Amino acid sequence: MQTPVARKAVRVIIREHQQLSMVVTGMQRFVNLLGAGADVARPMMFRSILFYISEYPEQLHHPKEERYLFARLRHKANDLDKTIDELEEQHAQGKTRMRNIELALTRYELVGESALPVLREMVEEYAAFSANHRRLEEEVILPAARQWLTEEDWHELDEAFGTNRDPFAGVVVEADFGRLFAMIVKAIREP
């Protein structure tokens, strides 16, 4: 079997992890700028970051991991069941965490500086949570996939992740997320 790094599915998973990491870093940067008293007159950009993180994994990334990667590993590597359960639970927790950050941002917009510590703490906790999640997938799940998946499994994974489409709805949404990602990256790089 080929190493996962050479597989289209793994390249897509790693690329999507890197993109999400960059957007989470942008979220941290935004909150740090607020704390430094910088004029951050674009709360809509922060809301765009929240939308991207909430929707992109929920619409594209996590459903594919669960439907294609995790499901195949469950049938072949029983010792990973606990880890896969944990990752699927983290997928569900991520949505709740993002909603709580959105509420904390609204609180900050309404009451000002006094609400910033809670927002900052939630963002930092989410960043650590997200990094741990990606690490577990990259250091445990992808190496197990190399060991356990067959050529037929890899073909299906490469096709599913390579198309970069929502496997459930069949809706092409990646172009919208691509534009949103580009806008976020441009905004977080500006001084």
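The model is predicted, so local features need pLDDT of at least 70 and side-chain atom pairs count only at pLDDT 80 or more, while totals for chains, interfaces and linings use all residues. Residues are numbered from 1 along each chain as its sequence is written, and side-chain values use heavy atoms, with hydrogens and water left out.

In soluble globular proteins, nonpolar side chains tend to be buried together. Here, the largest nonpolar core has 26 residues. Such a core is a set of buried Ala, Val, Leu, Ile, Met, Phe, Trp, Tyr and Cys residues joined through side-chain atoms within 4.5 Å, where buried means under 20% relative accessible area (1.4 Å probe, protein chains only). Among the residues with the most contacts inside this core are F46 and Y126. F46 is in contact (heavy atoms within 4.5 Å) with M27, F30, V31, I101, L105, L119 and V123, leaving aside neighbours within four places in sequence. A second, separate core of 22 residues includes V10, I141, A145 and W154.

The structure holds 1 cavity of 30 Å³ or more, a cavity being a set of points on a 1 Å grid over the protein atoms alone where a 1.4 Å probe fits but cannot get out. About 220 Å³ of space lies in the largest cavity, the volume being the space filled by probe spheres set on points joined across faces, edges and corners. Its lining (residues with an atom within 4 Å of a point) has 19 residues, and P57, H62, Y126, S130 and H133 lie nearest the centre.

Note on methods: Buried means under 20% relative accessible area, exposed over 50%, partly exposed in between (1.4 Å probe, protein chains only). On a 1 Å grid over the protein atoms alone, a cavity is a set of points where a 1.4 Å probe fits but cannot get out, and a pocket is an open set with protein on both sides within 12 Å along at least five of seven lines; lining residues have an atom within 4 Å of a point.
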